[in-house]
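Please read the following briefing alongside the sequence and the coordinates. It is arranged by topic, with cut-offs given where a term comes up.

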Amino acid sequence: MDKNFFVWAHRGASAEAPENTLAAFTAAEAAGADGIELDVHLSRDDVPVVIHDSTVDRTSSGHGAVARLRLSELRRLDAGSWFSPRFAGEPVPTLEEVLHWAEGRLRLNLEIKEYAAGQAILKLLPLYPRARILVSSFDHKLLAALRRLYPELPLGFLLDSVFWRGAVRRAVAAGAESLNPREDLVSRPLLAACRHHGLAVYPWTVDALPRISILARMGVAGVFTNDPLRVLALRRK
Ligand code: G3P
Ligand code: MG
């Protein structure tokens with residue numbers, strides 16, 4: 001595997017620590033990951049927060065929709081105990097906290113889960129000029145809108161359907177850096193089209209090392225994995 005093969009820690013090192021928390025991000029850095037993928041929603045009072053689901057039920061001690069909870073309420077939740085008692089009291093991070101932490105460390109892939117959160121991040125990013133960012137979303141209209149407002153913003157177009165040609169077209173039109181397909185959607189024609197247009201390909205989410213080796217040989221630029229430590233051991237061989 002090429003030493004430039006890019007290892008994104010999916011929701012942080014989420015095999016080792018509770019996803020989308022600073023514990024998982026610190027573990028990703030300790031593992032030597034090149035970047036961290038995280039998911040962004042908005043609280044009721046419009047603060048971008050780092051959590052995957054639209055409700056807090058699965059990954060915290062609370063209940064209800066993220067969009068119905070104020071930041072002060074979200075901050076009282078325990079986002080660690082569901083994973084292991086070792087992480088009891090781990091909070092739901094704000095995006096600002098993570099941007100501050102990541103500056104000078106590793107790259108962040110902000111996956112925007114809702115349209116309004118996309119607008120909100122544009123207010124935050126100028127405050128953290130040293131943060132290295134890739135913004136991605138399944139909402140390609142949102143990405144195109146962000147590109148118009150912030151022309152130098154690096155974009156990754158997420159793909160979870162077999163209709164990849166349209167996604168490649170939209171990514172190229174928006175001047176994106178990458179196409180981020182579900183890993184089973186990677187094919188030689190898709191890779192050839194992306195190579196032709198200068199788009200990097202980062203598939204998600206892959207933990208099986210034999211599959212990662214195959215994808216690397218096919219020519220993807222990197223992968224999203226829950227277990228960066230194991231993947232990086234493969235890269236060092
Ligand atoms: O960004 C890649 C991947 O995170 C997309 O799916 O559901 O894990 O956010 P999901
Ligand atoms: Mg995600």
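R235 is buried in this predicted model, with a relative accessible area of 17%, where buried means under 20% relative accessible area, exposed over 50% and partly exposed in between (1.4 Å probe, protein chains only). The model being predicted, local features need pLDDT of at least 70 and side-chain atom pairs count only at pLDDT 80 or more, whereas totals for chains, interfaces and linings use all residues. Residues are numbered from 1 along each chain as its sequence is written, chains are lettered from A and ligands numbered from 1 in the order in which they are written, and side-chain values use heavy atoms, with hydrogens and water left out.

**Salt bridges**

- The structure holds 14 salt bridges, each defined as a side-chain nitrogen of Lys or Arg within 4 Å of a carboxyl oxygen of Asp or Glu.
- R235 pairs in this way with D34, their closest N and O atoms being 2.8 Å apart.
- Because R235 belongs to helix α9 (residues 228-236) and D34 to the loop between α1 (22-31) and β2 (35-42), the pair ties together parts that are 201 residues apart in sequence; helices (H or I, at least four residues) and strands (E, at least two) are DSSP runs, numbered from the N terminus.
- D227 and R230 also meet through their side chains in a salt bridge (3.6 Å, N to O); D227 counts as buried at 16% relative accessibility, while R230, with a relative accessible area of 40%, is partly exposed.
- Salt bridges that share partners join R11, E19, D39, D53, R58, E111 and K113 into one network.
- Within that network, R11 and E19 form a salt bridge at 3.0 Å, N to O, and both of these residues are buried.

**Magnesium site**

- The magnesium ion (ligand 2) has E37 (OE), D39 (OD) and E111 (OE) as its protein donors, at 1.9 to 2.2 Å; donors are N, O and S atoms within 2.8 Å of the metal (3.2 Å for Na, K and Ca), and sites may look incomplete, since water is not among the atoms.
- The sequence spacing of these donor residues is E-x1-D-x71-E, and both E37 and D39 are buried.

**Helix α5**

- Helix α5 spans residues 140-149, and its buried residues are H140, L142, L143, A145, L146 and R147.
- Among the elements that cover these buried residues are β4 (107-112), α4 (115-124), β5 (133-137), β6 (155-159) and α6 (164-173), with contact taken as heavy atoms within 4.5 Å.
- At the start of α5, a side-chain oxygen of D139 comes to within 3.1 Å of the backbone nitrogen of K141.

Key: Polar contact = N/O pair within 3.5 Å; in protein donor to acceptor, adjacent residues only side chain to side chain.
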